[in-house]
Amino acid sequence: MTTAPSSKTPDISLAGKIVCITGASAGIGAACAMRFAEAGVRLLLAARREDRLTEMTAGLKAAGAADVHTVALDVRDYPQVQAAVEALPESWQAIEILVNNAGLSRGLDKLYEGHVEDWDEMIDTNVKGLLYVTRAVLPGMVRRGVGHVVNIGSTAGHWSYPKGAVYCGTKAAEGRITEGLRQDLLGTPVRVTTIDPGMVETDFSKVRFRGDEARAAKVYQGLTPLRPEDVADAVAWAVTRPAHVNIAEVMLTTVDQADSVMFNRRPT
Ligand code: NDP
Ligand code: 8X3
């Protein structure tokens, strides 16, 4: 029996491409690094904790990464971001996929009782950091006529939740920045995607509650959260669509989450 030829445009192969992931030292960024490693990419990993990136390198190579290069980077510091991109060895400059993942939440407070330092840290990291890295990397993509930017947003950017207004605001900003970037890139082949997960069990809540592990664990109590690998799966899917397909937005939640405030929690 012969099979009819498929009319489907082939998925894009990732092998050998340079994929830059910010916030690759933990959680969703680390899961993306592993997922891309399995596809044979060259991984350019950035985070403040470069020691963690170094520790991850052997495992990523064993999983299939063609090569791994690490950079110590605080995305909040524009001169540092600019210098880090400019200082990349020539063989690492042609970034084809940028995953703007670095981000955090700090505190859970009513807006009128919130801490200004927490607001500054969230806005500086989630909004300005994303802008800074994008500003440094995108001109090369446009010049080379190839590229894909994947921003990690959140359901929190679609629906606020009590005491989370500033974090939710940063993710709403991410959504509008992603939309505007796609408009500005129209006429180039560079694609722009936002991946917007709901609750994912990572260090996110430990960071939000400044190391209070018991309080962080309660966030995920009685339900099955998304795993970082589920988000990496969505990222990998978006970037492997045929070149003419731009996945604008993927929103995903655990089946135990309906929006930012409704959860199906089982007694524990
Ligand atoms: P983690 O805390 O596990 O990881 C956060 C990562 O961001 C770390 O690698 C950290 O690295 C990096 N990071 C934080 N601040 C900076 C900075 N100033 N410069 C460079 N890197 C930084 O959290 P998640 O994996 O959950 O979070 C990743 C992204 O996913 C964030 O943008 C978050 O808002 C988003 N998100 C998370 C969800 C969740 O429920 N967990 C749901 C939806 C979206 P280092 O400390 O080494 O610098
Ligand atoms: C993280 C998801 O809803 O826990 O962006 O803030 S949430």
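Author: Buried means under 20% relative accessible area, exposed means over 50%, and partly exposed lies in between (1.4 Å probe, protein chains only). Of the 268 residues of the protein chain, 48% count as buried. This is a predicted model, in which local features need pLDDT of at least 70 and side-chain atom pairs count only at pLDDT 80 or more, while totals for chains, interfaces and linings use all residues. Residues are numbered from 1 along each chain as its sequence is written, chains are lettered from A and ligands numbered from 1 in the order in which they are written, and side-chain values use heavy atoms, with hydrogens and water left out.

Reader: How many helices and strands does the protein chain have?

Author: Helices (H or I, at least four residues) and strands (E, at least two) are DSSP runs, numbered from the N terminus. The protein chain has 8 helices and 7 strands. Its radius of gyration is 19 Å, close to the 18 Å that the globule rule gives for 268 residues, so the chain is as compact as a globular protein of that length. That radius is taken over C-alpha atoms, and the rule is 2.2 Å times the number of residues to the power 0.38. Along the principal axes, the C-alpha trace spans about 55 × 55 × 40 Å.

Reader: How many salt bridges does the rule give?

Author: A salt bridge is a side-chain nitrogen of Lys or Arg within 4 Å of a carboxyl oxygen of Asp or Glu. The count by this rule is 11 salt bridges. One of them joins the side chains of Asp11 and Arg241, at 3.3 Å from N to O. Asp11 lies in the segment before β1 (18–22) and Arg241 in the loop between α8 (228–239) and β7 (249–252), so the pair ties together parts that are 230 residues apart in sequence.

Reader: Are Asp11 and Arg241 buried or partly exposed?

Author: Asp11 is partly exposed, at 40% relative accessible area, whereas Arg241 is buried, at 12%.

Reader: Which residue forms a salt bridge with Glu121?

Author: The partner is Arg106, with the closest N and O atoms 3.0 Å apart. This pair links distant parts of the chain, with Glu121 in helix α4 and Arg106 in the loop between β4 (95–100) and α4, 15 residues apart. Glu121 is buried because its relative accessible area is 14%, and Arg106 also counts as buried, at 16%.

Reader: What else is found in helix α4?

Author: Thr125 is found in helix α4 (residues 116–144). Thr125 is buried, with a relative accessible area of 8%. The C-alpha atoms of Thr125 and Val75 are separated by 6.4 Å, although the two are 50 residues apart along the chain. Leu138 also has its place in helix α4 and is buried, at 7%.

Reader: Which residues form a positive surface patch?

Author: Patches are made of residues with over 30% relative accessible area and no salt bridge; like charges are joined within 9 Å, and nonpolar side chains (Val, Leu, Ile, Met, Phe, Trp, Tyr) within 5 Å. Lys and Arg count as positive and Asp and Glu as negative, with His and the chain ends not counted. Here the positive patch is formed by Lys110, Lys163, Arg215 and Lys218. Arg215 is placed in helix α7 (residues 213–219) and counts as partly exposed, at 41% relative accessibility.

Terms used:
Areas by Shrake-Rupley, 256 points an atom, 1.4 Å probe, with all protein chains shown as cover. Charge placed at Lys NZ, Arg CZ, Asp CG, Glu CD.
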